[in-house]
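Please look over the sequence and the 3D structure shown here, and keep them at hand while reading the report that follows.

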Amino acid sequence: MEFPAEFLNALKNAESVLFFTGAGISAESGVPTFRGKEGLWKNYRPEELATLNAFLENPDRVWEWYEFRRGIVRKAKPNAAHLAIVEFEKYFREVVVVTQNVDDLHNRAGSREVYELHGNIEKNFCLRCGKRYDAKEFNDSEHAPHCPGCGGLVRPAVVWFGEALPADVMKSAEEAAKQCDVCFVVGTSAVVYPAAYIPFKAKSSGAFVVEVNIQPTEFTPYANLSLTGKAGEILPEVLRKLKEVR
Ligand code: OAD
């Protein structure tokens, strides 16, 4: 794969690199995306499963759906794209991952600095007292559990529609976006805000922004470069090239 000189130059001189990732980066690990032909939102209505109201109305149904998704991500392994991002750490002063994914695969791959804007499916917290739990602590897949401490309902620690993103995580992600020299936008349809502001923030702060996706997205017109193809193929290619230029 040939890369434009402008991109190679940006990589050569970069100190800080940011990866803004979405569901597409985990597609090759077998985790379904949200939109598109086989996306989760084709078969399930978000407002019935991914809102606080839905959970309060029918905790068991929402819980069961998250247990189903936990089953998928636990069987999945980080793929060549997640692993390439970890390798990038050898070449730059700072490599930050800002992800919309809740699947924990960047952490499992070994990335050191990961900001999870939409939470993590392997965590839960009590709606009443706020105590946090690892998902593995509750192994009844059909019933939403109650907090052993206060009896409140325990919910997945993910951001649902209508909920605010964790303010501290968003702040760190914005800081990283302002400071990065190169920003990769990988496997995201870039339509869910406020997360989707991150690559715009990087661009307006002067970063060279590279999109990696199998198809054009809302963000494509704003990218300095669009690399079309699977993240698990393109990122290892970029890494090979990086070894030549750094
Ligand atoms: P989407 O499902 O909206 O988009 C997935 C993107 O990945 C699409 O642009 C695909 O073209 C691309 N894609 C698929 N396979 C790929 C591959 N192998 N390599 C590269 N790209 C690939 O997922 P997100 O953009 O992550 O929010 O969705 C954003 C948010 O919407 C999610 O975090 C979730 C959802 O509702 C919450 O749960 C709050």
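Lysine 123 stands opposite aspartate 134, a residue of strand 5. The model is a predicted one, in which local features need pLDDT of at least 70 and side-chain atom pairs count only at pLDDT 80 or more, while totals for chains, interfaces and linings use all residues. Residues are numbered from 1 along each chain as its sequence is written, and side-chain values use heavy atoms, with hydrogens and water left out.

Strand 4, residues 119–126, pairs with strand 5 in the antiparallel sense over three bridges; two strands are taken to pair if DSSP finds at least two bridges between them. Strands and helices are DSSP runs numbered from the N terminus, with at least two residues (E) for a strand and at least four (H or I) for a helix.

The open sheet to which these strands belong has three strands in the order 5-4-6, with antiparallel pairing. Strand 5 (132–134) and strand 6 (154–158) stand at its edges with a single partner strand each, so one side of each is left without a neighbour in the sheet. Neighbouring strands of this sheet are turned by 40° against each other on average, direction ignored. Helix 6, residues 59–75, packs on the sheet and touches strand 4 and strand 6, and its direction makes about 140° with that of strand 4. Contact here means heavy atoms within 4.5 Å, and angles run from 0 to 180 degrees between N-to-C directions of axes fitted to C-alpha atoms, for helices over the stretch in contact.

Another open sheet has six strands in the order 3-2-1-7-8-9, and its pairing is parallel. Its edges are strand 3 (114–116) and strand 9 (225–228), each with a single partner strand, so one side of each is left without a neighbour in the sheet. The twist averages 15° from one strand to the next. Strand 8 (residues 208–213) and strand 9 run parallel and are joined by four bridges, and asparagine 213 stands opposite threonine 228 in strand 9.

Asparagine 213 also belongs to the surroundings of the ligand: 24 residues surround the ligand, and among the closest are Phe34, Arg35 and Asn213, a residue being counted if one of its heavy atoms lies within 4 Å. The table gives polar contacts, which are pairs of N or O atoms within 3.5 Å.

| Protein N or O atom | Ligand atom | Distance |
|---|---|---|
| Glutamine 100, backbone | oxygen | 3.2 Å |
| Asparagine 213, side chain | oxygen | 2.7 Å |
| Alanine 231, backbone | nitrogen | 2.9 Å |

Taken alone, the ligand exposes 790 Å², and the protein buries 93% of that, with accessible areas taken from the Shrake-Rupley method with a 1.4 Å probe.

A cis peptide bond, with omega about 10°, joins tyrosine 193 and proline 194, and proline 194 lies in the loop between strand 7 (182–186) and helix 10 (197–204).

Aspartate 104, a residue other than glycine, has a positive phi near 70°.

Conventions. Polar contact = N/O pair within 3.5 Å; in protein donor to acceptor, adjacent residues only side chain to side chain.
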